[in-house]
Amino acid sequence: MAIELAYINLVIPIRNIEKYYLGGFVQYKKDNESKMEHDDYLVMKSAMTMEEIESFAKECEEFGLVGVVEKQGIKYWQDFCIVDIISTLPCEWLEHDGTAVYHIDDQAYIAELEALPIEDRIIQILYIHGYGGEGNSISLFDKLAKTDLLILDDFGLTTMDNQQQLDLMEIIEDRHARKSTIIASQLPVASWFDVFKEETLADAILDRIVHTAHRFELKGESLRKKR
């Protein structure tokens, strides 16, 4: 599962508490029960001011956890992480989607994200990597534009809202005639127009996708039936 973000948040992997806190997680929970939330992987303390969060961080350091470290000129969080809606520094073990945080080993929640249609997943990717929201998506769009092969699976399972259409338009526009993109869909191409709410954007996106593409239409029974 994931833990919903509040104002400013300090997040600790439970395994770090087990390793460093006297009495492990059981004792930590007794000592901090009214101040924390947790799932199977993470503990989170929330506050409205950075001063409160810094006091939580100092407590972590006092029982042996390390906050910010630097490697090859890049600073990142090591044993605990301070995060608001957009995380302050990179953190290798933590992901967030703009509303909640989860540990990278939380396969159940990751499976939920992966089950989303590609139109929703594009927005999730922006938030997970800290680029969600106006003015924060430039770096991710640059990375997507430079990727040699981008695969969009399950295209068209749901209707896209205006923001999703704009994001997809930017991705396709940046890659058009420059990099390879594979789009897989259960819908026939003739039905793709109905996926979009804005006709002008639909025309612009599909013009770039359809008319310069190599199309492969598969027929026959689903391979899943043969398993």
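Predicted model: local features only at pLDDT ≥ 70, side-chain atom pairs only at ≥ 80, totals over all residues.
Side-chain values rest on heavy atoms, with hydrogens and water left out.The picture starts with the nonpolar cores, where a core is a set of buried Ala, Val, Leu, Ile, Met, Phe, Trp, Tyr and Cys residues joined through side-chain atoms within 4.5 Å. Buried here means under 20% relative accessible area, exposed means over 50%, and partly exposed falls in between (1.4 Å probe, protein chains only). The largest nonpolar core holds 31 residues, and Leu10, Val11, Ile12, Tyr28, Phe80, Leu94 and Val101 have the most contacts inside it. Two or more residues come from each of β2 (8-13), α1 (14-20), α2 (24-32), β4 (42-47), α3 (50-62) and β7 (81-83); helices (H or I, at least four residues) and strands (E, at least two) are DSSP runs, numbered from the N terminus. Another core, of 19 residues, lies apart from this one and includes Leu152, Ile172, Val195 and Phe196. Leaving out residues up to four places away in sequence, Ile12 touches a list of residues including Ile17, Tyr28, Val43, Phe80 and Trp93, with contact meaning heavy atoms within 4.5 Å.

Next come the rings. Six aromatic pairs turn up across the whole structure; rings of Phe, Tyr and Trp (its six-membered ring) pair if their centres lie within 6.5 Å, with planes under 30 degrees apart counted as stacked, over 60 as edge-to-face and the rest as tilted. Tyr21 and Tyr28 make an edge-to-face pair, because their ring centres are 4.9 Å apart and their planes stand at 85°. Tyr21 counts as buried at 18% relative accessibility, and Tyr28 does too at 3%. Phe155 and Phe196 form a tilted pair, with 6.3 Å between centres and 50° between planes. That pair ties together distant parts of the chain, 41 residues apart: Phe155 is in the loop between β10 (149-152) and α7 (162-175), and Phe196 is in the loop between β11 (180-183) and α8 (199-210). Phe155 is buried at 2% relative accessibility, and Phe196 is buried at 7%.

Three strands form an open, antiparallel sheet in the order β1-β9-β8, where two strands pair if DSSP finds at least two bridges between them. β1 (3-4) and β8 (94-96) each have a single partner strand, so one side of each has no neighbour in the sheet. Three bridges join β8 to β9 (residues 100-103), and Leu94 has His103 as its bridge partner in β9.

Technical notes: Residues numbered from 1 in each chain as written.
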